[in-house]
Amino acid sequence: PVPGEDGRITFFYRGNPGDRVALMGNFNSWDPFMHPLREDPKDPGLFSINLRVTPGNVYYYFLVGTQKVLDQLNPEEAVDPAGNKVSYYFFGPENLAAAPVR
């Protein structure tokens, strides 16, 4: 995840061109339909989404087709209440301060 201004985070996923990729997490009640990623037309296979996220613990994974996939670009992991591994990111004031200035 890449923090941005005003409480937004950009999530990236590198996959196969034409994949169907969605972002599921504690910020959207793990809804597989709420946040589909868009594929970059200039870089096939690179998907992204920019979301406003409440500061704090962010637990998430990607849904690629019907497969749950952890974030390959983020080594931080956690375990959800059901015992499943999920990707983890802490989004706090230090992230906002570190966000690139445009």
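Two strands are taken to pair if DSSP finds at least two bridges between them. Helices (H or I, at least four residues) and strands (E, at least two) are DSSP runs, numbered from the N terminus. The structure is a predicted model, in which local features need pLDDT of at least 70 and side-chain atom pairs count only at pLDDT 80 or more, whereas totals for chains, interfaces and linings use all residues. Residues are numbered from 1 along each chain as its sequence is written, and side-chain values use heavy atoms, with hydrogens and water left out.

The protein chain contains one helix and nine strands. Read from the N terminus, the order of elements is β-β-β-β-β-β-β-β-β-α. The radius of gyration (taken over C-alpha atoms) is 13 Å, close to the 13 Å given for 102 residues by the globule rule, so the chain is as compact as a globular protein of that length. The globule rule is 2.2 Å times the number of residues to the power 0.38. Along the principal axes, the C-alpha atoms fill a box of roughly 40 × 35 × 25 Å.

The protein chain has a mean pLDDT of 89, and 90% of its residues reach 70 or more. The highest confidence is found in strand 4, at 98, and the lowest in helix 1 (residues 93-98), at a mean of 54. Over residues 96-102 pLDDT stays under 50, and the model has eight contacts beyond four places in sequence for this stretch. A contact means heavy atoms within 4.5 Å. Among contacts in the protein chain with a separation of 6 or more, 63% are between residues 24 or more positions apart.

An open sheet is formed by four strands in the order 1-2-5-4, with antiparallel pairing. Its edge strands are strand 1 (2-3) and strand 4, each of which pairs on one side only. Strand 2 and strand 5 are joined in the antiparallel sense over seven bridges; Thr10 has Asn50 in strand 5 as its bridge partner.

Strand 9 (residues 85-91) pairs with strand 6 (residues 56-64) in the antiparallel sense over five bridges, and Val58 stands opposite Tyr89 of strand 9. Strand 9 also pairs with strand 8 (residues 77-79), in the antiparallel sense over three bridges. Here Val79 has Lys85 in strand 9 as its bridge partner. The hairpin of strand 8 and strand 9 has five residues between the strands, and in it Gly83 takes a positive phi near 90°.

Accessible areas come from the Shrake-Rupley method with a 1.4 Å probe; for residues, only the protein chains shown count as cover. The accessible surface of the protein chain is about 6400 Å², 53% of it belonging to carbon and sulfur atoms. Residues are classed by relative accessible area as buried (under 20%), exposed (over 50%) or partly exposed (in between), with a 1.4 Å probe and protein chains only. Of the 102 residues, 39% count as buried.

A salt bridge requires a side-chain nitrogen of Lys or Arg within 4 Å of a carboxyl oxygen of Asp or Glu. The count by this rule is two. In one, the closest N and O atoms of Arg14 and Asp43 are 3.0 Å apart. Arg14 lies in strand 2 (residues 8-14) and Asp43 in the loop between strand 4 (38-39) and strand 5 (46-52), so this pair ties together parts that are 29 residues apart in sequence. Arg14 is partly exposed at 45% relative accessibility, and Asp43 is partly exposed at 27%. Glu77 forms a salt bridge with Lys85, with 3.7 Å between the closest N and O atoms. Glu77 is partly exposed at 43%, whereas Lys85 is exposed at 56%.

How values were computed. pLDDT = per-residue confidence, 0-100.
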